[in-house]
Amino acid sequence: MKLFRYFGSLLLAVVGCATASADCDIAIGLAPFITEGDNVGPGVEKKLQTKLKTALAHSGVAAGEYDNQFFLIGRFDEDYSNEAGGAGGRVLVKTNLQLAICDGNNQKVFAIANFPLKGVGATNEQAITRALGSLNTNNQEFINFVDNAKKKIIDYFDSNYQTYLQKAQSAMSQRNYDEALYWSSSIPECSRGYTQASALMQKVILGRINYEGSQLLAKAEAEWAANPTDQGASAAYAYIQQIDPSSSSYAAAKALGQKMATSVKADYDFETKEKYRNAVELEKTRIKAARDAAVAWAKNQPKTIVRHHWIVWR
């Protein structure tokens, strides 16, 4: 019986790399399943993913939300022993799990490791599941495997961060702010390009705020112009209260609110909105919105699930 299975899902892992100045987050995904030969049961799939996530977390990796150019992939060897032994016809499984951390965009393998596995169970699936027990947080070979990949990924960013900056600037010039946020926020803190990327990201955030503010203000003005009543003011207010205080449209939006308040005898001064009173909280809100936008943009990009066919295993 053969066992050959790629594993993973389009989940994201975030690799944390400690530096003297700051923690370093690098996006790494788990590659999609592709099956050849005999299927691995769902119990094994679940156990393997859980084991990998736990082991990665111990090495500074946490689950995330979107796909990335760097990914973790693996397979079991085709050849393994499957022997009945002991009372009740128990199954002995011996195999090797090969893991690799790769760059899908540039078709490079950053690290590869082989993990011998052995397990006994009442069924093949149970034996394989138990064989995964050695893939734990104390497995020094796995820790070294991840650390080696981290270093090479940082080297990659050190050599290529200008390309990310150029893509972000190009997207921003076309008002593709979510894409620009994705590229500018991809550069990790421990890369030499982080300072430039951080400054550019702030420009992108402000550009996005200004653009969205102008769009919201135009909608509010249209609502009020079409229906200068309590109903029209309420509809317009629903737009202007979404405008960020740092937007270039904020002053005009505030003036419109005061104009509506005078006309319909109601309070439409949206500056008193509580969440905008605290500058620190406002900045957190902006950063979260920017990250969410970058994640959403990445999620909507076409996924090439065959990108790992170029990998040559040992």
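Trainee: What does Asp-292 form with Lys-288?

Mentor: A salt bridge is a side-chain nitrogen of Lys or Arg within 4 Å of a carboxyl oxygen of Asp or Glu. Asp-292 and Lys-288 form such a bridge, with their closest N and O atoms 2.8 Å apart.

Trainee: What should I know about the model itself before going on?

Mentor: This is a predicted model, in which local features need pLDDT of at least 70 and side-chain atom pairs count only at pLDDT 80 or more, while totals for chains, interfaces and linings use all residues. Residues are numbered from 1 along each chain as its sequence is written, and side-chain values use heavy atoms, with hydrogens and water left out.

Trainee: Is Lys-288 buried or exposed?

Mentor: Buried means under 20% relative accessible area, exposed over 50%, and partly exposed in between (1.4 Å probe, protein chains only). Lys-288 has 53% relative accessibility and therefore counts as exposed, whereas Asp-292, at 39%, is partly exposed. Across the protein chain, buried residues make up 46% of the 314 residues.

Trainee: How many salt bridges does the structure hold?

Mentor: The structure holds four salt bridges. One of them joins Asp-147 to Lys-150, whose closest N and O atoms lie 3.6 Å apart. These two residues are three apart in helix H3 (residues 140–173), so about one helical turn lies between Asp-147 and Lys-150. Asp-147 is partly exposed at 30% relative accessible area, but Lys-150 counts as buried at 9%.

Trainee: Which side chain meets that of Arg-208 in a salt bridge?

Mentor: The side chain of Asp-178 does, at 2.9 Å from N to O. This pair links distant parts of the chain, since Arg-208 belongs to helix H5 (residues 194–226) and Asp-178 to helix H4 (residues 177–185), 30 residues apart. Arg-208 counts as buried at 17% relative accessibility, and Asp-178 is partly exposed at 28%. Together with Glu-212, Asp-178 and Arg-208 are linked in a network of salt bridges.

Trainee: How does one describe two packed helices?

Mentor: One gives the angle between their axes and the distance between the axes. Axes are lines fitted to C-alpha atoms, for helices over the stretch in contact, and angles run from 0 to 180 degrees between N-to-C directions. The axes of H4 and H5 come within 9 Å and cross at roughly 165 degrees. H4 is therefore roughly antiparallel to H5; angles under 35 degrees count as roughly parallel, over 145 as roughly antiparallel, 65 to 115 as roughly perpendicular and the rest as oblique.

Trainee: Which residues make the contact between H4 and H5?

Mentor: Contact means heavy atoms within 4.5 Å. Among the residues involved are Tyr-177, Asp-178 and Leu-181 of H4, and Leu-200, Val-204 and Arg-208 of H5.

Trainee: At what angle do the axes of H6 and H7 cross?

Mentor: The axes of helix H6 (residues 230–240) and helix H7 (residues 250–264) cross at roughly 160 degrees and come within 10 Å. H6 and H7 are therefore roughly antiparallel to each other. Residues that meet there include Ala-233 and Tyr-237 in H6, and Leu-256 and Met-260 in H7.

Definitions and conventions:
Helices (H or I, at least four residues) and strands (E, at least two) are DSSP runs, numbered from the N terminus.
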